[in-house]
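Hi everyone, thanks for making the time.

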Amino acid sequence: MNIFDVFLPRYNFSERHATNVRGQPSDILDVIAVYRVQEDPFLRPVIALRELPGRLFKRLSSSPLDMQDFILLARTEHALGPVRP
């Protein structure tokens with residue numbers, strides 16, 4: 001059973017992202033678990049540019065979501081199961 005079926009058995013959206021990554025699943029999940037958007041030298045300015053109109057019109061005040069904004073409920077061999085508190 002997929003861990004998302006346990007924590008989110010019914011939902012009204014679908015989004016899928018995929019890429020091939022060489023390495024052991026456990027090593028890849030370790031990297032994902034500690035990744036922080038605010039420390040990414042490429043994504044930080046891209047996100048800032050994307051959010052600029054909202055900030056100029058004072059419609060956006062919070063920082064982008066990152067892994068620390070979620071509670072890790074489960075980890076399987078191939079997935080992390082975070083949910084937002």
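A bit of housekeeping before that. This is a predicted model, so local features need pLDDT of at least 70 and side-chain atom pairs count only at pLDDT 80 or more, while totals for chains, interfaces and linings use all residues. Residues are numbered from 1 along each chain as its sequence is written, and side-chain values use heavy atoms, with hydrogens and water left out.

Okay, salt bridges. By that I mean a side-chain nitrogen of Lys or Arg within 4 Å of a carboxyl oxygen of Asp or Glu. How many salt bridges does that rule give? The count comes to two.

One of them joins the side chains of Asp30 and Arg75, at 3.0 Å from N to O. Asp30 sits in helix α2, residues 25-34, and Arg75 in strand β1, residues 71-75, so this pair ties together parts that are 45 residues apart in sequence. When I say helix or strand, I mean DSSP runs numbered from the N terminus: H or I with at least four residues for helices, E with at least two for strands.

Glu51 is buried, with a relative accessible area of 15%, whereas Arg55 counts as partly exposed at 35%.

Let's stay on α3. Its buried residues are Ile47, Glu51 and Gly54. The helix bends by about 40 degrees at Arg50, and a proline, Pro53, follows within four residues. That bend is the angle between axes fitted to the seven residues ending there and the seven starting there. After α3 comes Lys58, which has a positive phi, near 55 degrees.

Now the surface. Which residues make the nonpolar patch? They are Val6, Phe7, Leu8, Tyr11, Phe13, Ile71 and Leu73, and the patch is about 660 Å². Helix α1, residues 3-7, and strand β1 each supply at least two of the patch residues. Val6, for instance, is in α1 and counts as partly exposed at 47% relative accessibility. For a patch, residues need over 30% relative accessible area and no salt bridge; like charges are joined within 9 Å, and nonpolar side chains (Val, Leu, Ile, Met, Phe, Trp, Tyr) within 5 Å. The areas come from the Shrake-Rupley method with a 1.4 Å probe, and for residues only the protein chains shown count as cover.

Last stop. His78 is in the loop between β1 and β2, the latter being 80-83, and His78 is exposed at 58%. From His78 to Arg50 is 28 residues in sequence and 31 Å in space, C-alpha to C-alpha. Gly81, in strand β2, is buried, with a relative accessible area of 2%. Gly81 and Asn12 are 69 residues apart along the chain, and 18 Å separates their C-alpha atoms.

Definitions and conventions:
Buried means under 20% relative accessible area, exposed over 50%, partly exposed in between (1.4 Å probe, protein chains only).
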